Amino acid sequence: MARQTLRSAKRLGLLGDTHGNLEHLFIAAKTLRDQDVSTFVVLGDWGFVWPRKDWNRTLDRIEHQLGQQTMLFVDGNHDWIPKLVEFPIGRDGVRWLRPNIGHLPRGWRLTLDNGHVLAALGGASSVDRHLRTEGEDWWPEESITEPDLAALGEEMVTILLGHEAPTPLPVLDKILAAGDPEWPADAIAASDESRRMLSRALEHTSPRWYFGGHMHHFVVDYWMDTRVMLLDRDEYHVINVGVVDLSDLSVIVSKRSGAQRSAFKSS
């Protein structure tokens with residue numbers, strides 16, 4: 001199981017939003033495999049289980065294509081959460097959809113052999129929910145809730161994996177102020193509240209790194225003492241792949257092809 005493999009892993013791969021894009025997933029997975037990454041996490045808006053799609057066949061194809069690699073994911077605001085939670089949580093805390101495809105529930109934790117602690121807190125708010133239909137492509141379960149924060153707890157973690165962005169985050173906030181369309185006021189208020197909920201999680205657990213997606217921008221910044229990195233979405237020309245060295249917590253990011261690599265430290 002991935003929990004046993006991940007405990008002793010030297011590297012952890014990261015992908016920004018995949019949105020059910022198989023071509024993108026397979027290219028990025030090969031880029032990670034070429035860097036000796038056997039386990040990677042999609043940071044929400046995974047999207048391969050979706051209503052009115054033959055998602056069982058899709059999962060079979062992914063399972064076969066990944067081979068010895070394991071793909072884990074946190075849920076985002078564009079994931080069919082009511083269907084995902086129908087899968088049972090295993091003794092390792094993961095919802096296994098296939099032997100090498102697993103959902104990390106909100107509040108999941110794992111202590112690595114080197115003492116570092118990984119945790120997961122999926123969820124975010126959709127500013128475009130007025131354009132969506134509940135039960136078809138939008139679900140109220142997207143939101144981070146008080147029970148989610150309780151499940152995560154307040155013990156310190158080293159790396160928190162999620163989807164949402166905390167607030168304030170100056171680099172991101174400047175980008176959003178300059179370029180976002182005018183969303184409905186209630187959607188903006190819900191998004192602000194969602195970001196505050198994630199910020200509470202960071203305050204409670206004091207991670208050295210928080211990794212997320214959601215905003216469709218590559219961002220590196222600080223929230224208090226936590227280094228924050230948001231990876232971009234499933235496009236060829238953006239920074240959407242990361243590799244974390246689980247010993248010194250340094251991170252190398254790139255495009256999905258492996259091009260345009262840059263390195264970052266946790267502090």
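# A walk through the predicted model

The place of Asp45 is in the loop between β2 (39-43) and α3 (55-66). The model in which this residue sits is a predicted one. Asp45 has a relative accessibility of 1%, so the residue counts as buried. The backbone of Asp45 has a phi near 50°, which is a positive value in a residue that is not glycine. In general, most residues other than glycine have a negative phi, and most peptide bonds are trans.

Gln260 also has a positive phi without being glycine, with a value near 60°. Gln260 is placed in the loop between β13 (251-254) and β14 (262-264). Is Gln260 buried or exposed? With a relative accessibility of 51%, Gln260 counts as exposed, because the cut-off for exposed is over 50%. Asp45, by contrast, is buried at 1%.

The peptide bond between Thr167 and Pro168 is cis, with omega at about -5°. Pro168 belongs to the loop between β8 and α6.

These residues can now be set against the chain as a whole. The protein chain has seven helices and 14 strands. Its radius of gyration is 17 Å, close to the 18 Å that the globule rule gives for 267 residues, so the chain is as compact as a globular protein of that length. Along the principal axes, the C-alpha atoms fill a box of roughly 45 × 45 × 40 Å. Of the 267 residues in the chain, 57% are buried. The accessible surface of the chain is about 11800 Å², and carbon and sulfur atoms account for 49% of that area. The chain carries 29 positive and 38 negative charges, and the mean positions of the two sets are 7 Å apart.

His163 is in the loop between β8 (159-162) and α6 (170-179). The C-alpha atom of His163 is 5.4 Å from that of Leu43, although the two residues are 120 residues apart along the chain. At 0% relative accessibility, His163 counts as buried. Pro168, with its cis bond to Thr167, is in the loop between β8 and α6 too.

Leu112 is in the loop between β6 (109-111) and β7. Leu112 and Leu6 are 106 residues apart along the chain, and their C-alpha atoms are separated by 7.2 Å. Which residues does Leu112 touch, leaving aside its neighbours within four places in sequence? They are Leu6, Arg7, Leu118 and Leu246. Leu112 counts as buried, with a relative accessibility of 4%.

Thr31 is part of a helix, α2 (residues 22-33). Once neighbours within four places in sequence are left aside, Thr31 is in contact with Ser254, Arg256, Ser257 and Gly258. Thr31 has a relative accessibility of 7% and counts as buried, because buried means under 20%.

The aromatic rings give another view of the chain. There are seven aromatic pairs. In one of them, the rings of Trp46 and Phe48 have centres 5.4 Å apart and planes at 75°, so this pair is edge-to-face. An angle over 60 degrees is what edge-to-face requires. Trp46 and Phe48 are both buried. Together with Phe73, Trp46 and Phe48 form one aromatic cluster.

How are the rings of Trp80 and Trp139 arranged? Their centres are 6.4 Å apart and their planes are at 25°, so the pair is stacked. This pair links distant parts of the chain, since its members are 59 residues apart. Trp80 is in the loop between β3 (70-74) and α4 (81-84), whereas Trp139 is in the loop between β7 (117-121) and α5 (146-152). Trp80 is buried, with a relative accessible area of 17%. Trp139 counts as buried as well, at 4% relative accessibility.

Notes. Residues are numbered from 1 along each chain as its sequence is written. This is a predicted model: local features need pLDDT of at least 70, side-chain atom pairs count only at pLDDT 80 or more; totals for chains, interfaces and linings use all residues. Side-chain values use heavy atoms; hydrogens and water are left out. Helices (H or I, at least four residues) and strands (E, at least two) are DSSP runs, numbered from the N terminus. The radius of gyration is taken over C-alpha atoms; the globule rule is 2.2 Å times the number of residues to the power 0.38. Buried means under 20% relative accessible area, exposed over 50%, partly exposed in between (1.4 Å probe, protein chains only). Accessible areas come from the Shrake-Rupley method with a 1.4 Å probe; for residues, only the protein chains shown count as cover. Lys and Arg count as positive and Asp and Glu as negative; His and the chain ends are not counted. The place of a charge is taken as NZ of Lys, CZ of Arg, CG of Asp or CD of Glu. Contact means heavy atoms within 4.5 Å. Rings of Phe, Tyr and Trp (its six-membered ring) pair if their centres lie within 6.5 Å; planes under 30 degrees apart count as stacked, over 60 as edge-to-face and the rest as tilted.
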